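Take a moment to turn the model around on your screen before reading on. We will walk through it together, one region at a time.

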Amino acid sequence: MQKVSELQVSVSDLKAFEALAHIPDDQLQWLIDKSEILTFEDGEYLMEPGQDLSGPHFILEGNMRFFMMQQGSRRDYTLVEKGSITGYMPYSRGLIAKGYAQAVGELILLSYPTAEIMEMIQNHFELTQALVHIMTTRVRDFTAMQQQNDKMMALGKLSAGLAHELNNPASAIVRDSLSLRKHLRMVPSHLKDMFAIRATDEQVDGLTDELFQILNKKECYTRLTLKQRTQLEDEITEWLDDNDVENSYDIAESFVDFSFTTDNLEALKSHIPPHATSIILNWLSAKLMGEKMIEDIQESARRIAELVSSVKTFTHMDRAQDKQYADIHIGIRNTITMLGYKIRKENITVIEEFDDTLPEVKALIGELNQVWTNLVDNALDAMEINEKGTLIIRTKKDNDFVEVTIIDDGPGIPEDNISQIYDPFFTTKEMGKGTGMGLEVVHRIVKQHRGSIKVKSKPGHTEFIVCFPING
């Protein structure tokens with residue numbers, strides 16, 4: 001960096017800046033007299049993290065790039081061009097640089113000394129007002145960009161979860177529908193054999209009654225362990241073989257699916273003509289297989305409908321953007337649903353310690369869902385290195401406040417980092433996994449709800465405690 005004494009800046013040059021077009025000439029001339037002209041070569045740094053902010057700077061020629069460094073990689077923030085005003089502004093609360101400012105091409109600035117900003121504020125109202133307006137616009141633009149980034153982050157997590165969650169039931173529907181079509185093509189051959197059977201009305205009624213008794217018991221059927229199921233399949237296969245039933249190994253599985261036992265098969269056999277046992281049991285197995293495929297398709301479709309409902313509730317897409325009374329447990333459970341693929345992938349046990357007596361809270365539910373998403377997702381990432389873990393989510397009422405605690409047994413947050421975790425762009429995650437905005441979003445949303453967030457962390461135990469008023 002060097003001073004450029006030979007370059008002259010006039011009032012008309014500054015009036016070319018849109019923000020300064022209506023500032024009185026005497027104030028602009030005062031600004032020129034108090035400032036110095038600086039030049040920077042391409043790639044030269046004007047500012048680095050931890051340095052005091054300087055300026056205001058008025059860009060006469062060239063461009064300036066702002067960026068942050070995360071895990072050794074550069075993340076560009078914005079590019080300001082000729083005619084822009086940047087740097088420290090009157091009444092700005094930011095005093096220390098959090099990122100880098102770098103010249104792109106040759107950069108020439110008119111730079112006002114920060115230490116004399118009070119003189120500007122006290123004696124040059126219109127100039128001060130114009131610069132304050134730039135600062136408020138900059139904050140508004142940054143907030144809008146940040147909110148958009150928040151939405152994109154939430155959308156990214158939501159879409160990743162949906163891609164995994166929808167894949168299984170959708171694939172099951174395709175698989176079962178193809179199997180059902182193939183299965184139905186085999187029905188005519190079974191039907192032909194059935195027509196050849198001569199059975200009395202009493203046998204048909206007895207067989208039908210017995211069958212419905214067995215199927216009606218399926219509702220209270222206890223799910224079998226793998227060992228129990230294998231044992232029952234072996235018993236039924238052996239019974240079928242003893243009674244000369246064809247395809248015994250293949251059809252035993254369908255009978256087990258519908259809770260049949262060898263006693264049930266004996267009861268059915270008592271209503272079947274002796275020569276038709278194999279035909280009727282094979283026909284019955286085919287009907288049960290078709291029924292099972294339809295049940296599986298219905299279950300998969302129900303699962304997809306539940307996921308769509310969860311997404312609708314999670315995003316709160318059908319509500320106005322104001323506070324509503326709602327059960328926060330719905331949002332938390334939907335968050336767990338959205339991140340279910342990640343929970344299973346990382347072998348995480350989720351424990352819900354919810355206070356069912358907790359009243360509905362008045363809040364921006366969609367915003368709170370971003371809080372739960374970021375905190376739960378961070379907890380899952382923390383436990384990932386252990387390839388397993390336990391996530392505890394606890395809710396309780398504390399006088400007129402609701403308290404939500406999210407606990408993980410990951411490695412913990414280093415003590416040196418705890419004071420920085422809510423800072424924008426700060427992250428300890430590897431490049432591509434973290435933006436450094438998640439906890440900043442959480443902190444901002446909680447403050448928006450007039451609440452607080454605390455963190456306690458040590459190796460093997462980290463908890464975030466969110467507290468906010470029940471009635472908004």
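This is a predicted model: local features need pLDDT of at least 70, side-chain atom pairs count only at pLDDT 80 or more; totals for chains, interfaces and linings use all residues.

Residues are numbered from 1 along each chain as its sequence is written, and side-chain values use heavy atoms, with hydrogens and water left out.

Let us begin with the overall picture. The chain has 15 helices and 14 strands; helices (H or I, at least four residues) and strands (E, at least two) are DSSP runs, numbered from the N terminus. Of the 472 residues in the chain, 42% are buried, where buried means under 20% relative accessible area, exposed means over 50%, and partly exposed is in between (1.4 Å probe, protein chains only). A contact means heavy atoms within 4.5 Å. Among contacts in the chain with a separation of 6 or more, 77% are between residues 24 or more positions apart.

Now look for the open sheet of 5 strands, whose order is E9-E11-E12-E14-E13, with mixed pairing. Two strands pair if DSSP finds at least two bridges between them. Strands of a sheet pair through backbone hydrogen bonds, either parallel or antiparallel. Which strands stand at the edges? They are E9 (348–353) and E13 (452–458); each has a single partner strand, so one side of each is left without a neighbour in the sheet. From one strand to the next, the twist averages 15°.

Inside this sheet, E11 (residues 389–398) and E12 (residues 401–408) are paired in the antiparallel sense over 8 bridges. Asp398 has Phe401 in E12 as its bridge partner. E13 and E14 also run antiparallel, joined by 7 bridges, and here Lys458 has His461 in E14 as its bridge partner. The hairpin of E13 and E14 has 2 residues between the strands, and Gly460 takes a positive phi near 90° there. Helix H11 (residues 328–338) lies across E9, E11, E12 and E14 (461–469), running at about 170° to E11. Axes are lines fitted to C-alpha atoms, for helices over the stretch in contact, and angles run from 0 to 180 degrees between N-to-C directions.

Next, find helices H7 (residues 226–242) and H9 (residues 262–269), whose axes come within 9 Å and cross at roughly 30°. That makes H7 roughly parallel to H9, a label for angles under 35 degrees, while those over 145 count as roughly antiparallel, 65 to 115 as roughly perpendicular and the rest as oblique. Glu235, Ile236, Trp239 and Leu240 of H7 make the contact with Thr262, Leu265, Glu266 and Lys269 of H9.

Is Thr237 buried or exposed? Thr237 counts as buried because its relative accessibility is 14%. A polar atom of the Thr237 side chain lies 2.7 Å from the backbone oxygen of Glu233. Leaving aside neighbours within four places in sequence, Thr237 is in contact with Ser248, Tyr249 and Ala252.

Finally, visit Met135 in helix H4 (residues 125–185). At 13% relative accessibility, Met135 counts as buried too. Not counting residues up to four places away in sequence, Met135 touches Met89, Pro90, Tyr91 and Ser92. Met135 and Tyr91 are 44 residues apart in sequence, and their C-alpha atoms are 8.9 Å apart in space.

Technical notes. A polar contact is a pair of N or O atoms within 3.5 Å; within protein, one must be able to donate a hydrogen and the other to accept it, and residues adjacent in sequence count only if both atoms are side-chain atoms.
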